[in-house]
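Here are a few friendly notes to read alongside the model. Please have a viewer open as you go through the points.

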Amino acid sequence: MKFSQLFIFFFILISLFICVISHQNLKYGKLELPSGVSGPESVAFDCKGDGPYTGTSDGRILKWKGSMHGWKEFAITSPFRIPKFCDGSINPIMEQVCGRPLGLKFNEVTCELYIADTYFGLMVVGRNGGVAKQLAISVEGVPFRFTNALDIDQDTEIVYFTDTSTIFPRWAYAIAMQIGDKTGRLLKYDPRTKQVTVLLRGLSFSNGVALNEDKDFVLVTETTAAKVTRYWLRGQKSQTSDTFRQLVGCPDNIQRNSHGDFWVAQNNCGIPELKVKPIRINKEGQIVEELADDVGPVSEVQEKDNGLWLGSVVFPYVGVLH
């Protein structure tokens with residue numbers, strides 16, 4: 001092997017090594033939620049880069065205002081919410097009254113926050129917050145039972161989102177998983193026509209959603225099938241789907257980073273012996289990184305400014321690796 005070829009080989013090897021360990025030496029911190037509140041399922045940053053914002057177990061969307069001021073209420077999803085009864089609630093039954101915002105994503109042009117509330121459907125709230133407006137609660141005459149996650153095409157403003165089940169609401173998620181419910185759907189909302197379209201149906205606990213960098217396909221995680229499914233939006237495979245990546249664990253949310261890779265939060269599927277951690281996969285579906293730190297049950301990994309922001313449906317804080 002010539003010296004130049006040898007140099008190139010080692011350069012590629014070192015580059016791959018650096019890529020794999022890029023988030024392994026970060027310090028872990030916690031942004032504690034207000035007392036009694038838990039379940040920051042998803043995190044989002046607004047069009048100015050401020051935040052994070054997160055939805056909580058008591059139906060509020062909170063904004064992080066820095067260590068001096070902490071979390072402040074930004075928005076709510078339920079028009080029936082009564083602070084006296086809802087604030088601090090961790091009771092799943094109360095979510096039907098108080099609201100339960102899960103997926104969050106800002107429109108980077110309008111600065112509006114789109115929300116997937118598990119009981120109140122697809123919603124939106126303006127840049128100043130307040131009570132969110134309901135956009136859609138059903139499609140083809142079938143109501144949403146478990147609105148879960150979303151992503152936005154920042155060029156067309158089309159929203160892609162999931163309804164995890166047409167039968168089971170969020171409070172019965174364990175039953176849906178145990179019986180292998182396959183009524184999940186991948187949906188599309190066009191804000192110009194205000195129409196909802198079903199892209200995929202018959203999914204196994206459809207969960208997270210993420211568009212690829214070129215906007216020619218959208219990924220959806222199927223939790224109980226332990227895989228990431230790809231739905232083609234453009235090209236010769238348009239309107240068809242395939243398996244993008246089979247996983248060891250059960251995936252939750254999926255988020256694309258600024259380099260076009262995808263962070264997948266995966267958990268142990270209720271099997272204590274199964275040890276899994278969040279992973280980063282590239283645009284070809286190959287695993288390029290696994291978090292070395294044991295950060296517990298994570299629902300989402302959001303990469304921003306070389307740091308990682310970690311959501312969880314159980315913890316009373318947002319995790320930060322920076």
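1. Strands here are DSSP runs (E, at least two residues), numbered from the N terminus. β6 (101–106), β13, β17 and β21 (250–256) each give at least two residues to the lining of the largest cavity, and β21 supplies the largest share, three residues. A cavity is a set of points on a 1 Å grid over the protein atoms alone where a 1.4 Å probe fits but cannot get out, and lining residues have an atom within 4 Å of a point.

2. Some ground rules: this is a predicted model, in which local features need pLDDT of at least 70, side-chain atom pairs count only at pLDDT 80 or more, and totals for chains, interfaces and linings use all residues. Numbering runs from 1 along each chain as its sequence is written, and side-chain values use heavy atoms, with hydrogens and water left out.

3. The average pLDDT (the predictor's confidence in each residue, from 0 to 100) is 92, and 92% of the residues score at least 70. Residues 1–21 fall below 50. Where pLDDT is low, the predicted coordinates should not be read in detail.

4. The largest cavity holds about 50 Å³ of space, a volume being the space filled by probe spheres set on the grid points, which are joined across faces, edges and corners. Its lining includes A149, L150, G208 and V209.

5. F161 is among the residues with the most contacts inside the largest nonpolar core, which has 15 residues. Such a core is a set of buried (under 20% relative accessible area, 1.4 Å probe, protein chains only) Ala, Val, Leu, Ile, Met, Phe, Trp, Tyr and Cys residues joined through side-chain atoms within 4.5 Å.

Technical notes. Contact means heavy atoms within 4.5 Å. Buried means under 20% relative accessible area, exposed over 50%, partly exposed in between (1.4 Å probe, protein chains only). On a 1 Å grid over the protein atoms alone, a cavity is a set of points where a 1.4 Å probe fits but cannot get out, and a pocket is an open set with protein on both sides within 12 Å along at least five of seven lines; lining residues have an atom within 4 Å of a point. Helices (H or I, at least four residues) and strands (E, at least two) are DSSP runs, numbered from the N terminus.
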